[in-house]
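Visitor: I would like to learn how to read a structure of this kind feature by feature. Could we go through it together, with the general idea and then the case at hand?

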Amino acid sequence: MILDKINMPNDLKTLNMNELAELSDEIRKIIIKKVNKTGGHFGSNLGIIEATIALHYVFNCPDDKIVFDVSHQCYPHKILTGRKEGYLNPEKYSAYTGYTAPEESACDLFKVGHTSTSVSLAVGVAKARDLQGKKENVIALIGDGSLSGGEAYEGLNNAAELNSNIIIIVNDNDMSIAENAGGLYKNLKLLRDTKGKAELNFFKSLGFEYFYVDEGNDVSALINAFEKVKDANKPTVVHIHTLKGCGSKIAEEHKEIYHYIMPGMADLKDDDFALGTNTAESYNKITTDFILKKAKEDKRIIAISPATPGAYGFTKEFRDALGAQYTDVGIAEEHAVAYASALAKSGAKPILSILSSFVQRTYDQLSQDLCLNNSPATILVQWGAISGADATHLGVFDIPLLCNIPNLVYLSPVCKEEYLKMFEWSLLQNEHPVAIRVPFGEVISAGYEDMTDYSMLNKFKMTKKGANVAIIGVGNFYALAEMTAIALKEKAGIDATLINPRFLTGVDKEMLEDLKSGHNIVITLEDGVLNGGFGEKISRFYGNSEMKVLNFGAKKEFTDRVPLGELYERYHLKPGLIAEDVLKALNFAAI
């Protein structure tokens, strides 16, 4: 196997073109086998193998600096930079993160998992190089999908004026996660169709030197192009036309589905792979069914996705059914919020669906464009929860971010009935911007219709009246509150009060005041980071009283692929551990 000879990038330079092509095939087979076992980014990595080999053949990493965008296409890079055992040895499949990580290798400059950042980062690296009188190449690798993000434009604008070496590789496979959306992609198509010769050229208009490689999965052609731009003394774009999912028939045919796969999906064939046939109840299906129903009834309804539709069930069938009542704004969450605000202010009924870890990029638009203007848009925050995810995709920070912005109503339903009632209310009302933290996990049903009037803001629901201890369980963690109540009953005979707060952006002062009678301690359980979160609002309310308050949730930290059970243990988010902490606070002699 050719890969046996490759331990670091310099080893590539001893290979001939036939061996490099053979190495591409080996790496492709290794990635397919490994990702089929573990899950991970599939199509994005298969399409960039030849370009990665060519980059490391021509440039001298880590002396030359390569900055990855999103870094969901870094598996070939990791294999070539001393980490191949993590892809060859099943026992070491979990040894390395799925994104670039400087602690793993000097060839990785940044921890990167969010989009459109590479050019900005590369400009900073290049400017620091220039200030120090150094001469290494600085290369940014950015996919065409990432070009729709605002930071990519900002970085390109700045890069074009650098007047020194910065090389931007544009990996153009005519796809984001789903299909590309936006006017820029018309120019990319024109450039592909004309083999880079069209007079209308976005990159040249900014002042870049421009090179086009039509055979973006041909190592020889790529090496030739990269050798031309190596040590360039001006900002340069190399536009390469690649095939997403290259080498996997099903990934080439189903590019959106196979951007990221779950274990076993690479083995599927078209004969046994029926798209869109899953009828199991899920919050994704509940959401899309509800939107389709409302869209038929009201032409003002419009669903919005910032380029990640598959993550929350916005399938192609769903998008096609909505037609003009659906917009993919590209990987541009900031624009998505401002767009939704303007739609709402102008009489439409926008529904923006966005992942918790990506809502972080929208703070200014949430505060200024949406909430300062009090536009009655609906935002569905998806995947908000403590999880074993990579450090770049944690869903624990949305509650502190959102629940402290004036005018916003942030709701956290416990079950599908509450979720649908909140969703309905949000679309009907015109008084507030509303965000709903979509429940994460299996569907929970109360078995009866929610009759709550959510226009009465910040009214908590006491689901069980008890004494001594009151447990406030937020959203996903209401079930944990119920289990904790059982543990307290079993350990100490305490019959705890249970509360479902529903609102994250305010407190029910009347109910909290009433708890002072007959209760000695209030505990809060939230599926997110504690600092600045919901529980601290309860602590602040009781700050000048005799009431003790214990807040349970995640620590303020970046975790990286830590098993969920381990995190729950660390944060004492298990019924028995919570009960022990409560009893200690109550000074019980025996636990």
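This is a predicted model: local features need pLDDT of at least 70, side-chain atom pairs count only at pLDDT 80 or more; totals for chains, interfaces and linings use all residues.

Visitor: Which residues of helix 10 are buried, and how do I read their placement around the axis?

Guide: The cut-off to keep in mind is that a residue counts as buried when its relative accessible area is under 20%. In helix 10, which spans residues 219-229, the buried residues are V219, L222, I223, A225, F226 and V229. Viewed down the axis of helix 10, these buried residues fall within an arc of 165°, so they line one face of the helix.

Visitor: Let us turn to charged side chains. How many salt bridges does the structure hold, and what is the general idea behind them?

Guide: Side chains of opposite charge can pair when their charged atoms come close. The structure holds 29 salt bridges. One of them joins the side chains of D193 and K189, at 2.7 Å from N to O; both residues lie in helix 8 (residues 184-193), 4 residues apart, which is about one turn of the helix. K189 counts as partly exposed because its relative accessibility is 44%. In helix 11 (residues 249-253), K249 and E253 are likewise 4 residues apart, about one turn of the helix, and their side chains meet in a salt bridge at 2.8 Å, N to O. K249 is exposed, with a relative accessible area of 58%, whereas E253 is partly exposed at 42%.

Visitor: Which residue meets D398 in a salt bridge, and are the two buried or exposed?

Guide: The partner of D398 is R437, and the side chains meet at 2.7 Å, N to O. This pair links distant parts of the chain, since R437 is in strand 13 (residues 434-437) and D398 is in helix 17 (residues 398-402), 39 residues apart. Both R437 and D398 are buried.

Visitor: Which residues are linked with K78 in a network of salt bridges?

Guide: K78 is linked with R83, E104 and D108 in such a network. K78 itself lies in helix 4 (residues 75-80) and counts as buried because its relative accessibility is 0%. The side chain of K78 also reaches the backbone oxygen of T97 at 2.5 Å. Beyond four places in sequence, the residues that K78 touches include Y87, Y96, Y99 and T100.

Visitor: Finally, where is L515 found, and what is it in contact with?

Guide: L515 is found in the loop between helix 20 (509-514) and strand 17 (519-529), and it counts as buried because its relative accessibility is 1%. Leaving aside neighbours within four places in sequence, the contacts of L515 are M462, A470, T497, I499, V522, Y542 and M547.

Visitor: How do strand 15 and strand 17 pair?

Guide: They pair in the parallel sense over 6 bridges. Strand 15 (residues 468-473) also pairs in the parallel sense with strand 16 (residues 497-500), over 3 bridges, and there the bridge partner of I472 is I499. Strand 15 is mostly covered, with 5 of its 6 residues buried.

Notes. Residues are numbered from 1 along each chain as its sequence is written. Side-chain values use heavy atoms; hydrogens and water are left out. Helices (H or I, at least four residues) and strands (E, at least two) are DSSP runs, numbered from the N terminus. Buried means under 20% relative accessible area, exposed over 50%, partly exposed in between (1.4 Å probe, protein chains only). A polar contact is a pair of N or O atoms within 3.5 Å; within protein, one must be able to donate a hydrogen and the other to accept it, and residues adjacent in sequence count only if both atoms are side-chain atoms. Contact means heavy atoms within 4.5 Å. The arc is that of the directions from the helix axis to the C-beta atoms. A salt bridge is a side-chain nitrogen of Lys or Arg within 4 Å of a carboxyl oxygen of Asp or Glu. Two strands pair if DSSP finds at least two bridges between them.
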